[in-house]
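Reader: I would like to learn how to read a model like this one, feature by feature. Please show me the structure, then take my questions in turn.

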Amino acid sequence: MKSVEEHLASVLAAIRPIAPIELGLLEAVGGVLAEDVIATHPLPSFDNSAMDGYAVRSADTSSASAGHPVTLPIVGEVVAGDTGAYAVPAGAAVRITTGAQLPASADAVVPVEWTDGGSAKVEVRQAAAPGHAVRRSGEDLRAGEQMLAAGTAIGPVQVGLLAASGRAAVRVRPRPRVAVLSTGNELAEPGTPLIPGRIWESNSFMLTAAARQAGSLAYRQGIVADDQRELMSAIEDQLVRADILITSGGVSMGGEHDVVKAALSRLGSVEFTKVAMQPGMPQGFGTIGHDETPIFTLPGNPVSAYVSFQVFVRPALAALQGTEAKRLRAVRAVLAGPLRSPAGKRSFARARLEGTSVTPLAGQGSHRLAALAAANALVIVPEPVTEMAEGEKADVWCLP
Ligand code: AMP
Ligand code: MG
């Protein structure tokens, strides 16, 4: 049996990051930057007003107070978007709006709230210090400064910054394209009537949703019967459009009925192993096709499939984007009840984390999807440990 670490290490060793491509800003969201982005312009690109008010020479307002206002004639107006050349003569003011260019020789903006709001002349009731309400060119970013480093995940703020800096496209390792297949003769499409002996198919929905939640572009490809030819043709169909494949079912220790194992073992590039974990012992991983596309063959039991996804597939999706991010958040918490675990296996026990207390849930069977749905965390019980008592501290992964 392989340890969880050994299996994860062999998975990560086989993953080659997706080649970077240039994408438009919104397509790049969810991608990981494959270039250092340098500011070509200062940000802001010109001195401008932070408020609606009056651009002045600050010295002209230095004696202003509520009791002794200073009155200045208004010689013009500049609003956001105006592109002309403006200047403030000594002893005068120019009306200005937020985001408008600061006129030449002005060094401060008197907010409208400090004045009578006049339009031919303005009564200033408070002195504006030099630089007041002025946004200086380059105060956010200087031209030539690095604004985003390679390896940064592109989210809403990053894409906003790129746009503000004039970039329309950027080089990223894009979100991985994931194809999800389920295998099993017993599987019926949800929404169709159930014949005794059949079950409604759930893994492909859950795994597709989990892969999307982990930031990939995942697509459910549905149900494949336990038939080697059908399986291989379904897999081949996906190879052209996926960066990674996930199947579930058909990898148990049984014989010819475990069709995924039977069909893929023959290729020689997918390895089937027992991993010392519970749930999720039977695992398969390898590469397939001309492009050596990674393929995970996860166990069929829903809880096993889900835990396997979080333990192995999630880090692999990050590795496809050349990062180590996206691991589940790990915390230490106090057990609010006892736990048992098989000797020599790492358990991922479904649990409810509340503050620093974690309660193991009843129903740890790997088919217990409703019990999994009640969980928000996994308690990790190390391999040598067979029992943990209430009050002990445990490592806990927060489920997303
Ligand atoms: P297998 O790994 O194919 O032997 O399946 C193990 C268990 O998981 C069996 O009880 C299957 O019926 C169940 N199972 C397999 N695939 C799915 C699926 N896609 N959705 C729900 N249950 C499944
Ligand atoms: Mg099966």
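Author: Start with E292, in the loop between strand 20 and strand 21 (293–298). The model is predicted.

Reader: What is the phi of E292?

Author: The general idea comes from backbone angles. Most residues other than glycine have a negative phi. E292 is not a glycine, yet its phi is positive, about 50°.

Reader: Is E292 buried, partly exposed or exposed?

Author: Partly exposed, because its relative accessibility is 45%, and that class runs between 20% and 50%.

Reader: Which angle stands out at K326?

Author: Phi again. K326 is a residue other than glycine with a positive phi, near 75°. Its place is the loop between helix 7 (302–320) and strand 22 (330–335). K326 also counts as partly exposed, because its relative accessibility is 26%.

Reader: Now peptide bonds. Where is the bond from L43 to P44, and is it cis or trans?

Author: The general idea: most peptide bonds are trans. The bond from L43 to P44 is cis, with omega near -5°. P44 sits in the loop between strand 3 (37–38) and strand 4 (48–49).

Reader: What joins Q278 and P279?

Author: A cis peptide bond, with omega about 0°. P279 is in the loop between strand 19 (277–278) and strand 20 (282–288).

Reader: How do I read burial? Is S204 buried or exposed?

Author: Relative accessible area under 20% means buried. S204 is buried, because its relative accessibility is 0%. This serine belongs to helix 4 (residues 203–213). Its side chain makes a polar contact with the side chain of E201, at 2.5 Å.

Reader: And A343: buried or exposed?

Author: Exposed, because its relative accessible area is 61%, and the class begins over 50%. A343 is in the loop between strand 23 (339–340) and strand 24 (346–354).

Reader: Now the ligand. Which residues are closest to ligand 1?

Author: Read the shell, then the atom pairs. Among the 15 residues around ligand 1, the closest are E186, E201, S202, G250 and G300. The shell divides into three nonpolar, ten polar and two charged residues.

Reader: How much of ligand 1 does the protein cover?

Author: The protein covers 77% of the 480 Å² of accessible area that ligand 1 has on its own. The space that ligand 1 takes is the largest pocket.

Key
Residues numbered from 1 in each chain as written. Chains lettered and ligands numbered in written order. Predicted model: local features only at pLDDT ≥ 70, side-chain atom pairs only at ≥ 80, totals over all residues. Heavy atoms only, no water. Near = heavy atom within 4 Å. Areas by Shrake-Rupley, 256 points an atom, 1.4 Å probe, with all protein chains shown as cover. 1 Å grid on protein atoms, 1.4 Å probe; cavity = no way out; pocket = protein on both sides within 12 Å on 5 of 7 lines; lining within 4 Å. Sits in = over half its atoms within 2 Å of the grid points. Nonpolar A, V, L, I, M, F, W, Y, C, P; charged D, E, K, R; others polar. Helix = DSSP H or I, 4+ residues; strand = E, 2+ residues; numbered from the N terminus. Buried < 20%, exposed > 50% of the residue type's maximum accessible area, 1.4 Å probe, protein only. Polar contact = N/O pair within 3.5 Å; in protein donor to acceptor, adjacent residues only side chain to side chain.
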